[in-house]
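Hello,

Here is the structure I promised to pass on to you. Please open it first, and then read my notes alongside it.

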Amino acid sequence: MGGASYVVTAAGRLQLFGVEHWAILTVFTAVAVATFRLGRRPAPASRRIEVLAGTVLAATCAPFEAIDWTHGPQLQLCDFAWIASAGALLTGRPSWSAPAYFWGLTLSVQGVLTPDLSHGFPSLEFWGFVVRHLAPVWVGIYLVAARRGPSWRALALTVLLTSAWAAAVMAINSTRGTNYGYLNGKPPTHSLLDLLGPWPLYVVLEIALIVALWTLMTWPWNRADSRNAPDQ
């Protein structure tokens, strides 16, 4: 999550909704449409594609993550979203699919729309950020198309997992002066958090909104009249 931009400025950052941002959003949309169509394929053929896609995703994102870790721990939730996404594709298990679904279609989307990025195209930071934020959203879209929505139990487990991450990260932020997840302060540039008031109010409201949104995202898969059973 963040709020920088995609057109290089004199300061080295990128302009929100600039030329390069629109280019990336265009590519993102085109791949999203293709991903949705791919998710509608029969299960046996899709399983082979999932394993291949998961392998490519992991092989592409892991080197960028390793490079970032040489500069210090990377504890943003989006750093875990791509791992959950790769796990969902490689294993097909709900324990991986649920966090990939929730994180990809909410938090990673915010990172795509309002990224906090200090170096623009064609830096390694730029490519690493783009790959690790777009891929989880595409995987989330694929899961929707493949009708692999989460159960209420999967929602509860994802909320617990995310809450544990948030508690740990807030403690680390307090002791080390960091701001992972923007839980101890807003990003330096504009983001949706600006609409939620000052700290710590925006953190409380953000948590409430996320849980409410995830609940709405779970309900369609668990209606009594649903023809497609959700993941268990």
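Below is what I found, going from the overall fold to single residues.

First, a word on confidence. This is a predicted model, with a mean pLDDT of 85 for the protein chain, and 87% of the residues reach 70 or more. Among the helices, confidence is highest in helix 4, at a mean of 96, and lowest in helix 5, at 87. Please take care with residues 1-11, where the pLDDT is below 50, although this stretch has 59 contacts in the model beyond near neighbours in sequence. Where pLDDT is low, the predicted coordinates should not be read in detail.

Now the fold. The protein chain has eight helices and zero strands, so its pattern along the sequence reads α-α-α-α-α-α-α-α. Of its 232 residues, 44% are buried. Taking contacts between residues at least 6 apart in sequence, 68% join residues at least 24 apart. The chain exposes about 11700 Å², and carbon and sulfur atoms supply 71% of that area.

Next, the aromatic side chains. A search of the whole structure turns up four aromatic pairs. One of them is Phe28 with Trp138, a stacked pair with 6.1 Å centre to centre and 15 degrees between the planes. This pair links distant parts of the chain, as Phe28 belongs to helix 1 (residues 19-39) and Trp138 to helix 6, 110 residues apart. Phe28 counts as buried because its relative accessibility is 16%, below the 20% cut-off.

Phe102 and Trp214 make another aromatic pair, this one tilted, with 5.2 Å between the centres and 35 degrees between the planes. Here too distant parts of the chain are linked: Phe102 is in helix 4 and Trp214 in helix 8, 112 residues apart. Both Phe102 and Trp214 are buried, and together with Tyr101 they form one aromatic cluster. Have a look at Trp219 as well: Arg223 lies over its face, at 5.5 Å from the ring centre.

Finally, some backbone details in the loops. The peptide bond from Trp199 to Pro200 is cis, with omega near 0 degrees, and Pro200 sits in the loop between helix 7 and helix 8. That loop between helix 7 and helix 8 also holds Tyr182, which has a positive phi of about 55 degrees although it is not a glycine. Is Tyr182 buried or exposed? Tyr182 is buried, because its relative accessible area is 8%.

Arg147 also has a positive phi, near 60 degrees, without being a glycine. Its place is in the loop between helix 6 and helix 7, and at 40% relative accessibility Arg147 counts as partly exposed.

Happy viewing, and best wishes

How values were computed:
Residues are numbered from 1 along each chain as its sequence is written. This is a predicted model: local features need pLDDT of at least 70, side-chain atom pairs count only at pLDDT 80 or more; totals for chains, interfaces and linings use all residues. Side-chain values use heavy atoms; hydrogens and water are left out. Helices (H or I, at least four residues) and strands (E, at least two) are DSSP runs, numbered from the N terminus. Buried means under 20% relative accessible area, exposed over 50%, partly exposed in between (1.4 Å probe, protein chains only). Contact means heavy atoms within 4.5 Å. Accessible areas come from the Shrake-Rupley method with a 1.4 Å probe; for residues, only the protein chains shown count as cover. Rings of Phe, Tyr and Trp (its six-membered ring) pair if their centres lie within 6.5 Å; planes under 30 degrees apart count as stacked, over 60 as edge-to-face and the rest as tilted. A charge sits over a ring if NZ of Lys or CZ of Arg is within 6 Å of the ring centre and within 35 degrees of the ring normal. pLDDT is the predictor's confidence in each residue, from 0 to 100.
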